Amino acid sequence: MTVETIKYPAREQWPQLMQRAVAETRELHDTVAHIMANVKQHGDQALRDYAAKFDHVDLGDLAVSQAEIDEASASLDSELKAAIDQAASNIAKFHEAQRMQPIEVETSPGVTCSQRAVPITDVGLYIPGGNSPLFSTVLMLGMPARIAGCRNVEMCTPCGPHGKVHPAILYAAQRCGIDRIYKSGGAQAIAAMTYGTETIARVSKIFGPGNRFVMEAKMQAQYDNVAIDMPAGPSEVMVVADDSANPRYVASDFLSQAEHGPDSQSTLLTTSEDFAQQLPQVIDELLSSLPRQEMMKKSLSHSHIIVMHSIDEVMDYVNAYAPEHLILNCADALALASRVVNAGSVFLGPYSPESAGDYASGTNHTLPTSGYAHAYSGVNLDSFTKKITFQRLSQAGLEGIGRTVELMAEAEDLMAHRLAVAVRLGQ
């Protein structure tokens with residue numbers, strides 16, 4: 001049996017069950033801080049040194065050439081290109097619909113307030129290339145960046161031992177209109193986009209997933225006035241299922257999550273002891289036919305099957321855990337969806353696997369993990385914009401609220417604030 005089953009845990013046990021893998025240590029912080037400082041001081045040369053050390057490649061030009069992009073497009077299987085195109089189209093359609101219209105409101109006579117969204121000018125996208133070439137993440141970040149209108153979009157991704165970036169990554173980048181692509185991975189790539197090097201420009205905001213070194217580098221980038229999409233940790237899925245669910249569907253959801261990495265976590269919540277009893281054997285059966293079994297077993301070793309007393313208790317647990325991915329594979333999925341207040345992305349019904357959102361349904365797969373869904377949204381079009389407010393007051397408008405401003409400024413002992421109104425009103 002690969003997954004532990006827990007029956008009817010008391011609420012005081014929940015915090016312990018909800019614990020995720022904790023990677024942050026002083027050693028990790030110090031290692032990443034050293035990498036950040038080295039790239040800040042030595043620029044491109046530090047990136048080449050790290051590429052030789054970690055990727056075992058001797059890099060000349062850090063930038064991917066147009067010839068390499070063209071070669072990748074020509075070499076990629078036509079069926080895979082068509083799949084990428086369909087996913088890109090769906091992602092674009094969903095994110096286009098998120099465009100915010102400008103608002104304008106007259107809050108008082110002669111006082112007009114407005115707000116509009118403007119794109120972040122310079123953004124950096126990080127695309128992992130370790131266990132898997134995550135070309136899907138290129139679409140998830142590149143498409144909304146393009147739709148938002150970001151002027152300068154650059155992308156960093158590690159290359160293979162022959163100095164080549166995976167062709168699917170380059171094709172997806174081309175599909176998104178990204179042509180500033182650099183062969184750099186790990187914390188050093190985050191450092192390059194944070195400080196800038198001779199080749200790679202400094203950006204205002206960095207997006208993208210990665211290992212614990214990348215995540216720590218993104219956290220440290222914030223100390224140098226570079227924003228990030230969100231804090232993140234290991235990936236996770238939570239499945240709510242009842243007796244109507246197909247155990248093979250739920251088992252496959254557990255295994256697809258386990259494939260993300262050894263520190264990923266899967267959780268089943270159910271009120272059915274019968275269903276809970278069936279699942280471990282089905283997981284083991286399906287696992288036996290898959291690659292990467294050792295890594296997946298590590299993930300499953302800290303995953304859980306939890307039997308609850310009632311659906312109310314299940315939903316309380318869901319919202320307390322705040323899962324990155326939540327699958328409601330139960331007869332009343334639509335009704336339960338209205339009760340979800342903390343989750344990154346929700347998948348409704350038996351035919352909505354997490355894989356659909358990871359690739360091609362149209363929603364974004366860059367989502368808050370580790371309980372950050374309590375306060376963070378997944379990446380969306382707003383992530384690539386800023387909201388700027390404007391106000392325009394006529395003389396009559398200022399006269400209408402002037403005394404209010406003066407009284408509030410006096411009460412806060414900010415007399416220059418009061419003066420800025422008084423001089424305009426001839427006092």
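Tutor: Two strands are said to pair if DSSP finds at least two bridges between them. The structure discussed here is a predicted model.

Student: In what order do the 3 strands of the open sheet lie, and which are the edge strands?

Tutor: The 3 strands are arranged as β2-β3-β14, with antiparallel pairing, and the sheet is open. An edge strand pairs on one side only, and this holds for two strands, β2 (103-108) and β14 (385-393). On average, neighbouring strands of this sheet are turned by 25° against each other, direction ignored. The order is therefore β2-β3-β14, and the edge strands are β2 and β14.

Student: Which residue of β14 is the bridge partner of valine 111?

Tutor: Strand β3 covers residues 111-119 and runs antiparallel to β14, to which 9 bridges join it. Valine 111 has its bridge partner in β14, and that partner is leucine 393.

Student: Which helix packs on the sheet, and what angle does its direction make with that of β14?

Tutor: The helix comprises residues 395-411 and touches β2, β3 and β14. Its direction makes about 95° with that of β14, and the helix is α16.

Student: How many residues of helix α9 are buried?

Tutor: Helix α9 spans residues 212-221 and is mostly covered. Its buried residues are Val214, Met215, Glu216, Ala217, Lys218, Gln220 and Ala221. Their cover includes the helices α2 (26-42) and α8 (186-195), together with the strands β4 (122-126), β7 (205-207) and β8 (227-228). The number of buried residues in α9 is 7 of 10.

Student: Is histidine 56 buried or exposed?

Tutor: Histidine 56 lies in the loop between α3 (44-55) and α4 (66-75), and its phi is near 55°, a positive value in a residue other than glycine. Exposed means over 50% relative accessible area. Histidine 56 has 61% relative accessibility, and therefore counts as exposed.

Student: Is alanine 322 buried or exposed?

Tutor: Alanine 322 is located in the loop between α13 (311-321) and β12 (325-329); its phi, too, is a positive value, near 55°. The cut-off for a buried residue is under 20% relative accessible area. Alanine 322 has 0% relative accessibility, so it counts as buried.

Student: Why can leucine 348 belong to a nonpolar surface patch, and what is the area of that patch?

Tutor: Leucine 348 lies in strand β13 (residues 345-348). Patches are made of residues with over 30% relative accessible area, and leucine 348, at 34%, is partly exposed. Together, Leu334, Val346 and Leu348 make a nonpolar surface patch of about 260 Å².

Technical notes. Residues are numbered from 1 along each chain as its sequence is written. This is a predicted model: local features need pLDDT of at least 70, side-chain atom pairs count only at pLDDT 80 or more; totals for chains, interfaces and linings use all residues. Side-chain values use heavy atoms; hydrogens and water are left out. Patches are made of residues with over 30% relative accessible area and no salt bridge: like charges are joined within 9 Å, nonpolar side chains (Val, Leu, Ile, Met, Phe, Trp, Tyr) within 5 Å. Accessible areas come from the Shrake-Rupley method with a 1.4 Å probe; for residues, only the protein chains shown count as cover. A salt bridge is a side-chain nitrogen of Lys or Arg within 4 Å of a carboxyl oxygen of Asp or Glu. Helices (H or I, at least four residues) and strands (E, at least two) are DSSP runs, numbered from the N terminus. Buried means under 20% relative accessible area, exposed over 50%, partly exposed in between (1.4 Å probe, protein chains only). Axes are lines fitted to C-alpha atoms, for helices over the stretch in contact, and angles run from 0 to 180 degrees between N-to-C directions. Contact means heavy atoms within 4.5 Å.
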